[in-house]
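Welcome, and thanks for taking a look at this one with us. Here is a short briefing to read alongside the structure.

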Amino acid sequence: YPFMRSLMESPFPAPGKTIKVKTFLPGAGNEVIELRRPMDSRLEHVDFECLFKCLSVRQIIRIFASLLLERRVIFVADKLSTLSSCSHAVVALLYPFSWQHTFIPVLPSSMIDIVCCPTPFLVGLLSSSLPKLKELPVEEALMVNLGSDRFIRQMDDEDTLLPRKLQAALEQALERKNELINQDSDSDSDDECNTLNGLVSEVFIRFFVETIGHYSLFLTQNEKGERVFQREAFRKSVASKSIRRFLEVFMESQMFAGFIQDRELRKCRAKGLFEQRVEQYLEELPDTEQSGVNKFLRGLGNKMKFLHKKN
């Protein structure tokens, strides 16, 4: 009762702020509990730790690439909590983009026929449904066993979907996540970067900054005063051939279309975390090289102050 009363009397904290709640525990006496709201609210209910416990870094990147190109992905696990946590975590990796298709973290066995749908989806199934799943005429899909860190079925091209150098940088940064978090624990960088959620988020945001961070340079106004995105000019401005090839496919996705449409219709510029990182990225580039792509790890390191430049 004292805890609930103290909690109800406390103001709801602003992002990044902490409130102190007094409580009384029998045998322990009075205690003060500190509750801190994350700076970035989109990570408030995301658990990347569960994802990394179930899957290796390489597998996570393969799944990320498959979702980015809006393929069908099926998670299989023994526990409902594992399915739910991992499904929400991989969707969070797509920020600043949003998954536009069917998303069912835990699919009831009675509805398993949904996996025969020809459109993109991300669904989770309990292991007890696996025998039935294997009998169904499922079209091309990536099936992931979260309990054994292996793919039950795959397309065999998952390692070639992302630009090679950026994929290598993603992998290196994520493999060093614990070391990087420990290195940064005494630094003066953002507290959010000292957590697994913060680090993982920044790594994937950096991937998008490197691939589409120059998008705002190609939002122009037409005669009617409407904001219009110059698609081909945007793609051709990228110096890297591998990134251009990736963009050719990615720009056809519903995620990219929704992202650009949102920016075209906005009356003022977006001010989220991604836009902050994009602004920093464009400031780092010389005026004559605004369409270039900086070294992934160097750029991430400039933001987080502890990630060394990739050799």
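Strand 5 is largely enclosed by the rest of the structure, because five of its six residues are buried. Please keep in mind that this is a predicted model.

**Strand 5 and its partners**
- Strand 5 covers residues 121–126 and runs parallel to strand 3, residues 73–77, with five bridges joining the two.
- Two of the residue pairs can be picked out here: Val-73 has Leu-122 as its bridge partner in strand 5, and Val-76 has Leu-125.
- Strand 4 is also parallel to strand 5, and three bridges join them.
- For Thr-102, the bridge partner in strand 5 is Phe-121.

- Five strands make up an open sheet with mixed pairing, in the order 4-5-3-6-7.
- Strand 4 (102–104) and strand 7 (150–153) stand at the edges; each has a single partner strand, so one side of each is left without a neighbour in the sheet.
- On average, neighbouring strands of this sheet are turned by 25° against each other, direction ignored.

- Helix 12 spans residues 273–284 and includes Glu-275.
- Glu-275 has a relative accessible area of 8%, which is under the 20% cut-off, so this residue counts as buried.
- The Glu-275 side chain makes a polar contact with the side chain of Arg-263, at 2.7 Å.

Conventions:
Residues numbered from 1 in each chain as written. Predicted model: local features only at pLDDT ≥ 70, side-chain atom pairs only at ≥ 80, totals over all residues. Heavy atoms only, no water. Pairing = 2+ DSSP bridges. Helix = DSSP H or I, 4+ residues; strand = E, 2+ residues; numbered from the N terminus. Axes fitted to C-alpha atoms, helices over the stretch in contact; angles between N-to-C directions. Buried < 20%, exposed > 50% of the residue type's maximum accessible area, 1.4 Å probe, protein only. Polar contact = N/O pair within 3.5 Å; in protein donor to acceptor, adjacent residues only side chain to side chain.
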